[in-house]
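Here are a few notes to read alongside the model. Have the 3D view open and follow along point by point.

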Amino acid sequence: MQYVSGKDESIFSKDALMGTKSGKQIIKQGLFKSQGFKQFNHYKEQAEKQFPDFAKRFTTDLLSEIKNDSSPALTQQKFAEEIGSSEITLESSQIAQIKSKLENFDVLHDRVLRILNSNFVKMTLPVFNALYDAASKHYGYDDPKLRENIIDGHIIAIDLSEPMDRIVDKDEDLDYLDDYKLMNPYILKLAREKISQGGEEILEEFERGFKDARIGQYLDVKLKSRPNQITEENMNECYKKYRAVMGTAGRNMALGKNPLGEIFYLGMARAAECVGCGNEIEDSIKNKFIKIPSWPLYYSLLAGDVKRGFDFTMQKSELYLSDASLALELLPENFSHKSFLEFLFLTVEHYNQYWYNRLQKENLWKEFSVNLPSVSK
């Protein structure tokens, strides 16, 4: 049985789950059909059924934006100015040819499916569905079209990070990077249009989160050139890219209504930061050097020992998860989806523990040490 949907499903296979303490708890809850497991499974299955329609809707709306743009060069320029980088936009001479190619639904649908093939997107869709339903039940509102727009908008906004990362990293989809450059501004426009259906305050909240995420991403890129000067303050600022995106989306799933909006923000922001630690361990294993910047690098440099650096990173991830769990204690009494969130946090804990265990087996300490930058005086 597959407990969680994602790009790499082996992480949540039965064998993988048996290898961690939280994984064993997930299996146990599955066997006994706990409330958390049943809710989680319901939203997982719902998201899997929704996904093809969502991808087609996304493609259709994107196609309309691309076809109806009479000044695509200006669109590229404005996007570059907003993001603060021309690296993710097209040369003027390339635009007409790529625009023409992407005005074919099947071609564009292929590109959309490629960028949607992401753990972040696939694991987030059921979470947003659950949070929105929990808030609407608690506050007593019911508007299926608004639900679709708010969730679609935030998933599309999260998905924007995929083509942008692939363009910057140049590590996959090399044949499609120019297509992604043309698509990016329209993806952002689409996200904004859908989120704005929730009202001005919801859109403003998204804009604040989007700005914070860009600040975190900018610092992340900047620190790559001076890895030995990373401070704790730098790392907290970098992690805006995790907490701003997920925290903001969490708040907006409650349509900004407090206390749920703030509780969802806290829970989702801290859970995302926790996953960030696991992601840094995963990337370090795959690349055979410690990710720059990252908590493993920060702690390894301070401790002068890469193994201890990763041990401290796991402790840091547990602090983030403890903060996320604190948010659950703040939920109203008899809250309908508390068990869902508890189960979700178990999957987050398992994800980190899985990659930490893999790290011990891979025995990359020597490679990590060789490639470690020296501490600056």
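1. A quick definition to begin: the radius of gyration here is taken over C-alpha atoms, and the globule rule is 2.2 Å times the number of residues to the power 0.38. For 377 residues that rule gives a value near 21 Å, and the chain has 21 Å, so it agrees with a compact globule. Bear in mind that this is a predicted model.

2. Now the overall look. The chain has 18 helices and 0 strands, and its C-alpha trace spans about 55 × 55 × 35 Å along the principal axes. Of the 377 residues, 53% count as buried. Take the contacts with a separation of 6 or more: 77% of them come from residues 24 or more positions apart.

3. Next, zoom in on helix α6, residues 105-116. Its 12 residues should span 16 Å at 1.5 Å a residue, and the end C-alpha atoms are 16 Å apart, which agrees.

4. Which residues of α6 are buried? They are L108, H109, R111, V112, I115 and L116. These cover an arc of only 160° around the axis, so they sit on the same side of α6. Their packing partners include α3 (35-67) and α10 (177-195).

5. Finally, the largest nonpolar core. It has 115 residues, and F58, L62, M183 and F264 touch the most other members. Helix α17 (residues 338-362) gives the largest share, 12 residues. Leaving aside neighbours within four places in sequence, L62 is in contact with L108, V112, M183, Y186, I187 and L190.

Conventions
Residues are numbered from 1 along each chain as its sequence is written. This is a predicted model: local features need pLDDT of at least 70, side-chain atom pairs count only at pLDDT 80 or more; totals for chains, interfaces and linings use all residues. Side-chain values use heavy atoms; hydrogens and water are left out. Helices (H or I, at least four residues) and strands (E, at least two) are DSSP runs, numbered from the N terminus. The expected span of a helix is 1.5 Å times one less than its number of residues. Buried means under 20% relative accessible area, exposed over 50%, partly exposed in between (1.4 Å probe, protein chains only). The arc is that of the directions from the helix axis to the C-beta atoms. Contact means heavy atoms within 4.5 Å. A nonpolar core is a set of buried Ala, Val, Leu, Ile, Met, Phe, Trp, Tyr and Cys residues joined through side-chain atoms within 4.5 Å.
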